[in-house]
Amino acid sequence: MLYALKIAARYLTASKAQTALLVLGVAVGVFIFIFMSALIGGLAQFILSRTVGDIAHVTIEAEPDDPTLLFTPEGHVLMVAERGRTRTASLAEAATWLPLIEAVPGVKAVSPQITGAGFLTRGAQVEQVSVTGIEPGRESAILDLDGYMVEGRARLGAGLIVVGRELADDLDLSLNQPLRLQSSEGVTALLTLSGIFETGNGALDGARAFVSLSTARTLFAMPQGVSQIEIKLLDLNAADATALRIRTLTGLDAVPWTDGAEQLMEALSAQAQTGYFLKTFALITIVIGVASALLLSTYRRRPEIGIMRAMGAGRGFVVVVFVTQGALIGLMGGMMGAGLGYLALLPFPPRDAFKAGTLPMDITQGSYGLAITLTVIGAVLASILPARAAARVDPVTAIGQ
């Protein structure tokens, strides 16, 4: 085996220019493989962060009470008693479930909330808004309010309110300005504008207002409980499994973000498949290059192969020589391509700092080890045909040439 390795190395060093070009060609294929892996993986992360990063990964919502049916002695429906449609449904025992949910593995943050509709008034101007009450200290648990603030601070103490940039512009608002907020329950509160945020999402910036949980309790006449619990995970891809675990643990209807996101998941799947095709073509190019170069080497070294056969070298030994030669080419080219790919990806920002308008290259998804492994395997497979051709060389004919 060591003798076969020595001969394979000698063949490679005998024509240094040809070997260098061959290794460079393999390295380029590996570089493309790594570049596409980082681009496809980074693009998927960027899309998910922009679409799912600022929403709850798992949501538990209170279900409205079912209507009460009153029957006559004969079994006919006498009356249907239904809770008012404007009333906000409540998770009355939320305080009991919160510690259990926070202890579930993979849960990053939990935010109990009270949500509802209301009207924000400044003088004669009125805008309909979606109101969200959040516990002070959890303002950025789900939506990164601190990161999106353009004026003021994301603090939701008693009597304070934070609104989006579009809504502030529509009402011509400025910081520390008094506002009147009337909820769908008919309760009115006088609040002070403490901050303005801008997410780039018109639905949030133009129609969302955040208040403290205590203020929301007053506005929506909910002395206890919450209307929903939003949960953020360390790994958003684990939403389905975590939601199932929470349902099993608490009996609450925990809904993962993937419910209703079928089109997004299909688009990401199609994107991943495109990446697989491109990387496959890169590997095919490597295999064809290695196979053609070794076939050429076989024809050039027919006399040397004939001498080895005449001196007692078996066909298996000749096969080992050329397969080892292919493996060395794949290993050198793979390591060179992986190194070049890593260096080329270093200037790109990490995935936590992706920005719109830039290539979302994720250096952690370059698949370096996989690229080197597949390249060596591909080179070995590509060398089998030339190796078999070399093993079939007739010693007498080859020496005579």
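**Ser367.** I started with Ser367, which is partly exposed at a relative accessible area of 27%. For burial I used these cut-offs: buried is under 20% relative accessible area, exposed is over 50%, and partly exposed is in between, with a 1.4 Å probe and protein chains only. Ser367 sits in the loop between α11 and α12 (368-391). Helices here are DSSP runs of H or I with at least four residues, strands are runs of E with at least two, and both are numbered from the N terminus. I looked up its backbone too: phi of Ser367 is near 55°, a positive value in a residue other than glycine. Most residues other than glycine have a negative phi.

Housekeeping: this is a predicted model, so local features need pLDDT of at least 70 and side-chain atom pairs count only at pLDDT 80 or more, while totals for chains, interfaces and linings use all residues. Residues are numbered from 1 along each chain as its sequence is written, and side-chain values use heavy atoms, with hydrogens and water left out.

**Ala221.** Ala221 also has a positive phi, near 50°. I found Ala221 in the loop between α7 (213-219) and β11 (228-233). Ala221 counts as partly exposed, at 38% relative accessibility.

**His57.** Is His57 buried or exposed? His57 is buried, with a relative accessible area of 3%. I placed His57 in the loop between α2 and β1 (58-61). A polar atom of its side chain lies 3.0 Å from the backbone nitrogen of Leu233. I took a polar contact as a pair of N or O atoms within 3.5 Å; within protein, one must be able to donate a hydrogen and the other to accept it, and residues adjacent in sequence count only if both atoms are side-chain atoms. Not counting residues up to four places away in sequence, His57 touches several residues, among them Val52, Ile231, Leu236 and Trp257. Contact means heavy atoms within 4.5 Å.

**Glu102.** Ile231 came up again with Glu102: the two are 129 residues apart in sequence and 8.7 Å apart in space, C-alpha to C-alpha. Glu102 is in helix α3 (residues 94-102) and counts as partly exposed at 38% relative accessibility. Leaving aside neighbours within four places in sequence, Glu102 is in contact with Val107, Val110 and Arg138. With Arg138 there is a side chain to side chain polar contact at 3.4 Å.

**Thr324.** Thr324 is in helix α11 (residues 315-345) and is buried, with a relative accessible area of 11%. Which backbone oxygen lies 2.6 Å from a polar atom of the Thr324 side chain? I found that of Val320.

**Aromatic pairs.** My search of the whole structure gave 3 aromatic pairs. In one of them, Phe31 and Phe35 have ring centres 6.1 Å apart and planes at 25°, so I logged the pair as stacked. The rule: rings of Phe, Tyr and Trp (its six-membered ring) pair if their centres lie within 6.5 Å, and planes under 30 degrees apart are stacked, over 60 edge-to-face, the rest tilted. Phe31 and Phe35 are 4 residues apart in helix α2, which means about one helical turn separates them. Phe31 is partly exposed at 27% relative accessibility, and Phe35 counts as partly exposed at 27%.
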